[in-house]
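Thanks for passing this one along.

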Amino acid sequence: MATTTSDTLLEDLSIPHERNVPLGPLTWYGLGGSAEYLAHPSSVQQLSALAARCHETDTPVYVLGSGANLLVADRGVRGVVVQLDDPCFKQIKIEGTRVTSGAGYDLAKLVLDTARAGLAGLECLAGIPASVGGAVRMNAGGAFGCIGNAVRRVMVCDARGQVYYRSRDDLEFGYRRTNIVARYILDIEFELSPSGADGLMQRVKEIFRLKKSSQPLAEHSAGCVFKNPPPTPCSESEEPPPTAGQLIDRAGLKALRVGGAEVSSRHANFVVAHPGCTADDVLTLVGRVQSRVADRFGVKLEREIVVWP
Ligand SMILES: Cc1cc2nc3c(=O)[nH]c(=O)nc-3n(C[C@H](O)[C@H](O)[C@H](O)COP(=O)(O)OP(=O)(O)OC[C@H]3O[C@@H](n4cnc5c(N)ncnc54)[C@H](O)[C@@H]3O)c2cc1C
């Protein structure tokens, strides 16, 4: 990767950072090249100054959560990758039914913290690997519910470094999307409801067991590669449309391989990475699956995973 960002980009801002950092180990796929800069701001003010600097200098910026929905290209990324891993972005506070979490906090921990505290609303997210900020950005969820249902307010920072709140009545959450356009999600307030801790913990275990039995959790992946297709407008059918996984399976693509990338035999919407796999292998396989499903069923599968750059 050619290094083109100025060597002094962050020099006067005192923001902890490293140069030329391989991003693979920071993602669930374990693939891809390096970031020119990996920055770890240690306050909201530092994050805001970093955002403003990158904006003024036209430097590309990316926000990294737990890397569970991410594929980094083999050539890596130019500019700055921001990781909200400082303790100041990992605080949580439980006050009655209101729970506030930093974006860098681990979602699995938050699910357990709130279930143990007898607060319902996040137990449906059991088994989803994520930072809380990444989960809100993607409106993570599934058959049991989505994180957006429980969000009351978010603190965000835009690309110019302006920090502000957005609250429930102006937030929209849809299928793996939100209307939050600000680049950085910093802090999230949830409104939960009281419930029995034992029942909630039981539910967490149940959902986790279900996921473990249907997903290749021990292999390198980024979860579902494609979004499920929406119902066709004007369709007369009462049946829900087939999921992306069902279409891939029906097209006979389970176990299809390109290099070290393979369509999982356990869950056809997962592409797993074997030793020696490259990000290019994954992208080529993803493209091949898209064109075979389009040829066979006339459905254009839309990617759910985020690809950098
Ligand atoms: C085994 C496995 C199972 C999975 N199962 C599910 C599932 O059941 N349901 C589901 O919805 N997903 C699932 N996923 C995908 C993934 O868990 C979710 O998409 C999750 O929300 C990603 O969060 P993250 O913190 O890892 O984000 P990352 O992968 O790090 O980033 C994803 C996107 O969010 C942005 N982002 C991250 N943090 C922030 C922030 N603080 N502010 C602004 N933008 C940010 C990134 O820039 C990027 O665009 C699965 C993944 C794996 C590996």
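1. Which of the 34 residues around the ligand come nearest? They are Val 63, Pro 129, Ser 131, Gly 141 and Lys 211, where being around the ligand takes a heavy atom within 4 Å of it.

2. Before going on, a caveat: this is a predicted model, with local features needing pLDDT of at least 70 and side-chain atom pairs pLDDT 80 or more, while totals for chains, interfaces and linings use all residues. Numbering starts from 1 along each chain as its sequence is written, and side-chain values use heavy atoms, without hydrogens and water.

3. Now the polar contacts (pairs of N or O atoms within 3.5 Å). A ligand nitrogen sits 2.7 Å from a polar backbone atom of Gly 141, and a ligand oxygen is 2.8 Å from a backbone N or O of Gly 67. Arg 137 brings a polar side-chain atom to 3.4 Å from a ligand nitrogen. The protein buries 94% of the 970 Å² that the ligand exposes when taken alone (Shrake-Rupley, 1.4 Å probe).

4. What does H3 give to the shell around the ligand? Five residues, the largest share. Helices here are DSSP runs of H or I, at least four residues, and strands are E runs of at least two, numbered from the N terminus.

5. Away from that topic, the axes of H2 (107-116) and H4 (197-214) come within 8 Å and cross at roughly 150° (lines fitted to C-alpha atoms over the stretch in contact, angles from 0 to 180 degrees between N-to-C directions). That makes H2 roughly antiparallel to H4, the term for angles over 145 degrees.

Definitions and conventions: Parallel < 35°, antiparallel > 145°, perpendicular 65-115°, else oblique. Polar contact = N/O pair within 3.5 Å; in protein donor to acceptor, adjacent residues only side chain to side chain.
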